[in-house]
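Visitor: Hi, could you walk me through this one?
Guide: Happy to. Have a look first, then ask away.

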Amino acid sequence: MEAVKAVCEERMKKSIQALKDDFNGVRTGRASPALLDKIRVDYYGQKSPLSQVATVSVPEARMIVIQPWDRSLFSEIEKAILKSELGLNPSNDGKVIRIAIPPLTEQRRKELAKTAKAMAEQSRVAIRNIRRDGLEDLKKELAAGGVAEDQIKKEEEELQKLTDHYIAQISKVLEEKEKEIMEV
């Protein structure tokens, strides 16, 4: 029975981490290497993460500098960035690729905040689905016998407390991201 709770908790932790990873890809007015985490570059016929073919640094608040390890990758990296939905315009000087992060308009910030809320809601739904799966597993244990009904009730309450805890964490992560998005 503790196994059901442990499995659910592990899955809930992964949901929170997935939300944080998704939020890293949401552009704010600040430069961040995490912004480019999902970009894949065609490297000798294989799609490789940008971080595995170049050094990505942030020398100042609104600038990302990418230094490819292989000079032949300049155009591939630029193409991958332009194809991404980040709306960034890379420029290269033959040594490095620079990406200036323009300040966001008020309207764009509101759109991004709305996107972040939608992502958070998807995570809340995922957490609730994990709780539902856990409750079903507990009911199967009760049906199989050998477990007292009051013990199952206690486990259901524990599962609900766990769910409430992770839902609160999602709200906290969302609040931090909205604050980051809305700051000028």
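Visitor: Which helix gives the largest share of the lining of the largest pocket?
Guide: That is H3, which supplies 4 residues of the lining. Bear in mind that this is a predicted model.

Visitor: And how many residues line the largest pocket, and which lie nearest its centre?
Guide: There are 16 lining residues, and Gly-25, Val-26, Lys-38, Glu-85 and Leu-86 lie nearest the centre.

Visitor: What volume does the largest pocket have?
Guide: About 320 Å³.

Visitor: How does its lining split by class?
Guide: The lining of the largest pocket has 7 nonpolar, 6 charged and 3 polar residues.

Visitor: Back to H3 for a moment. Is Arg-124 buried or exposed?
Guide: Arg-124, which sits in helix H3 (residues 106-144), has a relative accessible area of 13%. Buried means under 20%, so Arg-124 counts as buried.

Visitor: What does Arg-124 touch, leaving aside neighbours within four places in sequence?
Guide: Arg-124 is in contact with Ile-167, Ile-170, Ser-171 and Leu-174.

Visitor: New topic: how are H1 and H4 arranged relative to each other?
Guide: The axes of H1 (residues 2-24) and H4 (residues 149-182) cross at roughly 10° and come within 11 Å. Angles under 35 degrees count as roughly parallel, so H1 and H4 are roughly parallel to each other.

Visitor: Which residues make that contact?
Guide: On H1 they include Met-12, Ile-16, Leu-19 and Phe-23, and on H4 they include Leu-159, Leu-162, Ile-170 and Leu-174.

Visitor: And the classes in the contact of H1 with H4, how do they divide?
Guide: Into 11 nonpolar, 8 charged and 2 polar residues.

Conventions. Residues numbered from 1 in each chain as written. Predicted model: local features only at pLDDT ≥ 70, side-chain atom pairs only at ≥ 80, totals over all residues. Heavy atoms only, no water. Helix = DSSP H or I, 4+ residues; strand = E, 2+ residues; numbered from the N terminus. Buried < 20%, exposed > 50% of the residue type's maximum accessible area, 1.4 Å probe, protein only. Contact = heavy atoms within 4.5 Å. Axes fitted to C-alpha atoms, helices over the stretch in contact; angles between N-to-C directions. Parallel < 35°, antiparallel > 145°, perpendicular 65-115°, else oblique. Nonpolar A, V, L, I, M, F, W, Y, C, P; charged D, E, K, R; others polar. 1 Å grid on protein atoms, 1.4 Å probe; cavity = no way out; pocket = protein on both sides within 12 Å on 5 of 7 lines; lining within 4 Å. Points joined across faces, edges and corners; volume = space filled by probe spheres on them.
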